[in-house]
Amino acid sequence: MPIKPENKKLYPPNWKTLSHLVRFVRAKGRCQNCGRTHGQRFLFSPGQIILRAAHLNQDPTDNRKTNLRALYQKCHLAHDCSDNLKRAAINRFLKRLFRQPTLFDFEERAPYDKINSTD
Ligand SMILES: [Zn+2]
């Protein structure tokens, strides 16, 4: 997956070199999940296998060897999917939580509504 511009500052300055070492030296140009080869064409759709260096714990600041793995697009998405679903569920929960008026809102607003009301 390409790095989002807003996340670029989370990656180390030598990320390109590190990523290359993970994908082409350590993994020898093969997905470390399924073994597909970098540059290989897809059989039934346009495009080709592109290896990416994936952070297994989703933390781009954690560049330990044990946290980096060469994965092609589909394997990378599958790996990230469970974390993305968890994140989406947490975001939905937080949105619902903060959309609700809080007890503080009721206590502060109610008396002023009565005092300032001209009806
Ligand atoms: Zn794979």
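**Close-up views of a predicted model**

**View 1. Strands β1 and β2 pair in antiparallel fashion.** In this predicted model, five bridges join the two strands. Strand β1 is mostly covered, with four of its five residues buried.

**View 2. The largest nonpolar core holds 10 residues.** Its members are Val 22, Cys 31, Leu 51, Ala 53, Ala 54, Leu 68, Ala 70, Leu 71, Tyr 72 and Cys 75. The most is given by β2, which supplies four residues.

**View 3. Tyr 72 and the residues it touches.** Tyr 72 is a member of the largest nonpolar core. Leaving out residues up to four places away in sequence, Tyr 72 touches Cys 31, Arg 36, Ile 49, Ile 50 and Leu 51. Among these, Cys 31 and Leu 51 also belong to the core.

**View 4. Helix α2 covers residues 73-99.** The helix has 27 residues, and at 1.5 Å a residue it should span 39 Å. The C-alpha atoms at its ends are 36 Å apart, which agrees with that figure. A bend of about 40° occurs in α2 at Cys 81.

**View 5. Helix α2 lies largely in the open.** The number of buried residues in α2 is two out of 27, so the helix is largely uncovered. Strand β1, in contrast, is mostly covered. Cys 75, which falls within residues 73-99 of α2, is part of the largest nonpolar core.

How values were computed:
Residues are numbered from 1 along each chain as its sequence is written. This is a predicted model: local features need pLDDT of at least 70, side-chain atom pairs count only at pLDDT 80 or more; totals for chains, interfaces and linings use all residues. A nonpolar core is a set of buried Ala, Val, Leu, Ile, Met, Phe, Trp, Tyr and Cys residues joined through C-beta atoms within 7 Å. A residue is buried if 20 or more other C-beta atoms lie within 10 Å of its own, exposed if 12 or fewer, and partly exposed in between; C-beta atoms are placed from the backbone. Two residues are in contact if their C-beta atoms, placed from the backbone, lie within 7 Å. The expected span of a helix is 1.5 Å times one less than its number of residues. The bend at a residue is the angle between axes fitted to the seven residues ending there and the seven starting there. Two strands pair if DSSP finds at least two bridges between them.
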